[in-house]
Amino acid sequence: MEDPTQKSSTDIASRFLSSTPTDVTSLKHRSAVIAANRLKANSTNPWFVPTFEDEQQALVDEFNEDMRRRKEEFKASTKLQASVKGRNERKNPTKPTRGTGAVAAEESSLAAYEDVAADAPVLTEEEQAVADAFAAEQQALVDEFNEDMRKRKEENVASTKMQAIIRGKSSRSGMKKPGDAAESGGKAVMVLFGPPGAGKGSQAPKIVEALGIPQLSTGDMLRAAVLAGSEVGLQAKEVMSTGGLVTDDLVVSIIKDRVKDEDCAGGFILDGFPRTVEQAKMLDGMLAETGDKVSLVLALEVPDEVLTERICGRWVHKGSGRSYHVTFAKPKSLGEGEAPSAANMLDDETSEPLMQRADDTEEALGKRLEGYHAQTVPILEHYSPAGVVSKVDANQAPETVWGSVIAVLPIPEEAAPAAEAAPVAEAAE
């Protein structure tokens, strides 16, 4: 920082005035602008999943840090102006006399700066206007930021409540609170679709928490049935031991057994099934036996070219399963501007070489996406007449995607999340 004794108060104050726009509505410190910049910087990062409260606090911290720097940088000019102003007022007998205590306090606080003030110019009206404008602008920034934050919180609460009311009064109005046993026909049966890299891994756990029902993967259910030694599990084990494919009938039987468990009383989420229209029809028949039906088909949609960037940039540590990405989550070993290779893609903790999965190549991904689209489109068309299909644009920041997802989830009014008080930025001293 420059020595304040080497520059006049006019020079110092003018410099900061020129760098501080008086139109505070256009400043970069507004919470909406800060949030937009943070979202833009992480718009294609599938690992960037802050909660609403985390984002609010991050905005406050960033704003307060900026204000702290602004006050610190302007401190030299402020002190110099204060010392000059105080000396001038004491030497000017025409000005009203203040209380003895105020004068004593001022004398004490300015004692350290008298040497500077002795050689400083008299504070002009223009200089005083600069100092006053800076203080007013600091407070205006704080006031605007806090008002912005308050509106953001109110809008979030209103949106959550409205979504809950709409869902509660829709066809799912008979649904119980998450975790409660549902009456016949009241189960939330959800089918989750999404191509590889669409973010199912980020969104599914949130859906499970929001609805209070389990996510069921056909692969996991098959393995669990085999380990449990159930009748259908033994049948599946016999088929798999001979290298055969488990039939659709057997898969449906395994699902039928699994959803009888207590944790599925309020419903369940199917991930990876059905894969064909025929399987969808078999699922419908199974559910009809208990008076249930698919209540929501949620499809996460991302352009293929975006998925290629997400998937083909993934590298993993075989021993631990830790995942990295050449763009979004680089290992420490990958230098800026370097092309990823086995030599510079190393695990942060063990320094062991990372690897790419065989199906994470562009060629393999192309085949997987082709198969996914061929399977998914007919299934969505199968359920569309029932009005239960919801498509979500997943080519956005994860928290934005989650906002779209929760808007279509069958959450009753009673389960709407309560809002917390919004954090407040610190006022300028």
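Predicted model: local features only at pLDDT ≥ 70, side-chain atom pairs only at ≥ 80, totals over all residues.
Q: Which residue meets D347 in a salt bridge?
A: A salt bridge is a side-chain nitrogen of Lys or Arg within 4 Å of a carboxyl oxygen of Asp or Glu. For D347, the N to O distance is 2.7 Å. The pair links distant parts of the chain, 25 residues apart, with D347 in the loop between β6 (323–325) and α13 and its partner in the loop between β5 (314–316) and β6. That partner, partly exposed at 25%, is R322.

Q: How many residues apart are D271 and K200, which also form a salt bridge?
A: Their side chains meet at 2.7 Å, N to O. D271 is buried at 15% relative accessibility, whereas K200 is partly exposed at 22%. D271 sits in strand β3 (residues 267–271) and K200 in helix α7 (residues 200–211); strands (E, at least two residues) and helices (H or I, at least four) are DSSP runs, numbered from the N terminus.

Q: How many salt bridges does the structure hold?
A: Another pair is D263 with R258, whose closest N and O atoms are 2.8 Å apart. Salt bridges that share partners also join R314, R357, D359, D360 and R368 into one network. The total for the structure is 12.

Q: At what angle do helices α11 and α13 pack?
A: Helix α11 covers residues 277–288 and helix α13 residues 362–383. Axes are lines fitted to C-alpha atoms, for helices over the stretch in contact, and angles run from 0 to 180 degrees between N-to-C directions. The two axes lie 9 Å apart, and the packing angle is about 35°.

Q: Which residues of α13 make the contact with α11?
A: Contact means heavy atoms within 4.5 Å. From α11, the contact uses V277, A280, K281, L283 and D284. From α13, the residues are P378, I379, H382 and Y383.

Methods:
Residues numbered from 1 in each chain as written. Heavy atoms only, no water. Buried < 20%, exposed > 50% of the residue type's maximum accessible area, 1.4 Å probe, protein only.
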